[in-house]
Amino acid sequence: TYLIDGLEANLRHIHSELQKVATFILPQTHITLAHVTALSPHSSQIFAVLDYWLAGNYGKTLASLQELLSKQNAMGVMAAIQTFMGKWVQVKTMCEREIEKMPQPPGVQRKQIAPGELAKRLTSELKIHPFVLEKDIKRLSTVSLPFLINKRVELTRLEHLVKTGQMPDSHALELFFVGTQERKQNGRV
């Protein structure tokens with residue numbers, strides 16, 4: 001019920017969340033509600049962290065991240081961010097593909113589709129509710145697909161460092177978010 005409420009009855013996403021929890025609890029074999037709530041992105045706090053990050057507000061991102069880490073396990077937060085990053089790469093890719101399909105009249109330099117219309121076009125293909133998809137499209141309008149892909153690769157690398165004991169998990173998350181700010185300031189994003 002917890003996952004159904006939080007993920008809008010999206011069975012594929014629920015399956016993905018359960019696989020994530022099953023991997024997390026190994027070698028145990030019994031998944032409890034505590035395990036699911038610790039790892040599931042069904043928390044408004046993770047949304048706040050990611051929204052601040054995408055908006056470029058790094059002070060609020062880190063403050064919100066610290067508050068989130070006081071309530072949840074850092075590995076669970078990393079797993080949730082991985083889930084979002086995977087979804088966002090897919091959404092951004094599909095949006096760019098849909099925009100490229102549009103004819104380009106002479107003299108127009110940039111093709112655009114309203115987020116609501118784009119969400120309607122992609123809902124059946126992405127199997128995401130149009131309202132949720134529209135919010136994601138608006139959220140991702142400030143970042144590029146290469147940026148999202150690079151950040152997902154970086155998160156995977158940081159996750160590996162944490163799992164091999166080479167870096168504390170909270171430091172990896174801070175580095176993930178702060179590293180973006182430093183690269184933007186140096187013009188490398």
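Axes here are lines fitted to C-alpha atoms, for helices over the stretch in contact, and angles run from 0 to 180 degrees between N-to-C directions. On the helix 6 side, the contact is made by Gln 90, Val 91, Met 94, Cys 95, Glu 98 and Ile 99, and on the helix 7 side by Leu 118, Arg 121, Leu 122, Glu 125 and Leu 126. Contact means heavy atoms within 4.5 Å.

Before going on, a word about what you are looking at. This is a predicted model, in which local features need pLDDT of at least 70 and side-chain atom pairs count only at pLDDT 80 or more, while totals for chains, interfaces and linings use all residues. Residues are numbered from 1 along each chain as its sequence is written, and side-chain values use heavy atoms, with hydrogens and water left out.

Now for the overall plan. The protein has 10 helices and 0 strands; helices (H or I, at least four residues) and strands (E, at least two) are DSSP runs, numbered from the N terminus. Of its 189 residues, 42% count as buried, where buried means under 20% relative accessible area, exposed over 50% and partly exposed in between (1.4 Å probe, protein chains only). Among contacts with a separation of 6 or more, 62% are between residues 24 or more positions apart.

Helix 6 has another partner to show you. With helix 8 (residues 130–139) it packs at an angle of about 85°, the axes being 10 Å apart. That makes helix 6 roughly perpendicular to helix 8. Here Lys 87, Trp 88, Val 91 and Cys 95 of helix 6 meet Val 132, Leu 133, Asp 136, Ile 137 and Arg 139 of helix 8.

Next, look at the aromatic rings. Rings of Phe, Tyr and Trp (its six-membered ring) pair if their centres lie within 6.5 Å; planes under 30 degrees apart count as stacked, over 60 as edge-to-face and the rest as tilted. The count comes to 6 aromatic pairs. One of them, Phe 47 with Phe 84, is edge-to-face, at 5.3 Å centre to centre and 75° between the planes. Phe 47 lies in helix 4 (residues 44–55) and Phe 84 in helix 6 (residues 74–101), so the pair ties together parts that are 37 residues apart in sequence. Phe 47 is partly exposed, with a relative accessible area of 34%, whereas Phe 84 is buried, at 8%.

The rings of Trp 53 and Phe 176 have their centres 5.3 Å apart and their planes at 40°, so this pair is tilted. Trp 53 lies in helix 4 and Phe 176 in helix 10 (residues 169–185), so parts that are 123 residues apart in sequence are tied together.

Thr 61, in helix 5 (residues 58–71), is buried, with a relative accessible area of 0%. Leaving aside neighbours within four places in sequence, Thr 61 is in contact with Val 49, Tyr 52, Trp 53 and Phe 177.

How values were computed:
Angles under 35 degrees count as roughly parallel, over 145 as roughly antiparallel, 65 to 115 as roughly perpendicular and the rest as oblique.
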